[in-house]
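Hello,

Here is the structure I promised to pass on to you. Please open it next to this email and follow along as you read.

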Amino acid sequence: MANDAKAATVDAVGSAAADKPWFGHRGNLYAMAIVALTALGSVWALALDTRWIYLLVYVWFGLGYGIFLQYGRFCMASAVRDLFAVGVPRMAVGMLIAVMLFSLTAAAVQVLGVNTFHPHPMGWHILIGALIFGFGIVFTGGCASGSLYKTGEGNLGSLLVVISISFSQAIYVAQSGWLDKLVPASWTASAAEKMMPEELSVTEGWFDQFVAGYVWDLQGGQLAGQLGIDGMFTGPFLANALLGAIIPSLLLMIYLYHSAYKKGYLRRAKIEAPRMGDHLRGIWSMVTSSRNTAIAGLCLGVLAGGHMWATGELREHYEIFNFGELLAEMEYTEGLSMQDTVFDPGYWYITTQEAQWGAWAMDKAGVDMTDNIFFGLENGIPNPLINAPGWMSIGIILGAAVIALWRREFKWKIPNLEAAVFAIVGGALMGLGARIAMGCNIGAFFATVTNGDLSGWVFLAGMAAGGYLGVKAFNWWMEWRAGDDDLAI
Amino acid sequence: MAVKFEKVGDHDYMLDVTGYVCPHPQMYTKKVMGKLESGDVLTLLFDNPSSGESIVAMCESEGNELIERTNENGASKCVIRKA
């Protein structure tokens, strides 16, 4: 039955497309124009200075991420929300497939010696930050990367989420005043002991004290190092990929099958007394039930590994550790941190570059955004035109727009008041959660678990708990709006 | 722009969540399907592409029949018969 409906979909789209030649459809022309302009811009940048290749790697991988995110409707908000809200494990399964694939490509990149990953310190902040983040994503309708690809579909509500994430993070990081009174004295004392430059004033502002007085005192690492498995192949593949990512993902997939898929599968297959083979076929059916999501997960995993490899190779070629050094060589020193660095993860990341956008705008408006560790010491506030990871985010929007136009799914959507409030408040919660957890669903989960850093699984647990609470709150909101009228929603 | 749910025939209902993004379309669909009787038909209108995948999966999971699914320039329609 569902297959019939899928066929109907294909027919509807296909008949519309058949009326005109491929190049005669406006959507295809716009999609081609986006790719052509990105290519022209890339050629222009390289003509100015070939070292812009470092930034262009972010642009084109971003474009690739955007294409596959939109193709598979790949959104980690959907992964946790749809599971609790409507009992659909489709996206959670796709996400786990991507985790397994990326863990293998990340291991291969580590064997090649160009892995750019840095482990996250493990602590309670991840769980709490992820919980706030997970609550927020239910209301915004998309995770950090999901909001970008939905912006590429023409959804201006998602653009509002991105703006809210950007400014809320910048404000939280630079916030000082009454919030300082909530900071434990032990954090202030520990931050003072770090002997940071005076202009950072690390004993003022809750975020500086949280980072210097708490996070920097924590330990983190990759599973291979923690287990003492230091072989060139066994460390990355056996410890980090197999034990750290693949086995936990498979266990979660078995759990998802039993809790959310098995009942419906056995009913559809008319199996009353299932045996082990039936369950294995059921798990395979769950994996393949949404072909696009599974393919997107597979391609995103490979792409993320390739991105890490390409950036690592360029760092070796230019003999740098950070893009800030290259910018300084090219005489673009405005916006660099006091260490001459900028945010340059070398892999898929979302929220930190968005925080830089917000901070850059606030800085231009006259607010001092550099007297803190996050921007002043570590990430800098580069002009968005030379912010390499920022261009990755723009690339995601453009890539998603290309495929949405091509699939006739692009549509400008202006949010109503309810959606706009949800976007702004939810985005602010996502920004707060991302700063407390030191990353979002990509930087603190996807990129960590796939590199043998178990802190990412803690983030997933927190995000799932937050998603569960968010769905409860959203249901309450729907019930409240419906009142007692049977035909009211 | 508001969510619209109305009875359009003896056993036919229409839910219009056009303009809404995730999670509204799938959660309102779940809520409405819970109100309908077996055999009732719901025509669902929406324009959030990613909700479509979740709604199809929800139909499969709950055994409801997806009679028709179309997409034209970002506007989608699903016709669902409750099991």
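Two strands pair if DSSP finds at least two bridges between them; strands (E, at least two residues) and helices (H or I, at least four) are DSSP runs, numbered from the N terminus. The model is a predicted one, where local features need pLDDT of at least 70, side-chain atom pairs count only at pLDDT 80 or more, and totals for chains, interfaces and linings use all residues. Residues are numbered from 1 along each chain as its sequence is written, while chains are lettered from A and ligands numbered from 1 in the order in which they are written.

Let's start with chain B. Strand E3 (residues 41–46) of chain B pairs with E5(B) in the antiparallel sense, over six bridges. Within that pairing, Lys77(B) in E5(B) is the bridge partner of Leu45(B). E5 (residues 75–81) of chain B also pairs with E4 (residues 65–72) of chain B, again antiparallel, over seven bridges, and Asn71(B) stands opposite Ser76(B) there. The hairpin of E4(B) and E5(B) has two residues between the strands, and Asn73(B) takes a positive phi near 50° in it.

Now for chain A. Helix H20 (residues 441–449) of chain A is mostly covered, with nine of its nine residues buried (20 or more other C-beta atoms within 10 Å of a residue's own, C-beta atoms being placed from the backbone). Among them are Phe445(A) and Phe446(A).

Enjoy exploring!

Conventions
A residue is buried if 20 or more other C-beta atoms lie within 10 Å of its own, exposed if 12 or fewer, and partly exposed in between; C-beta atoms are placed from the backbone.
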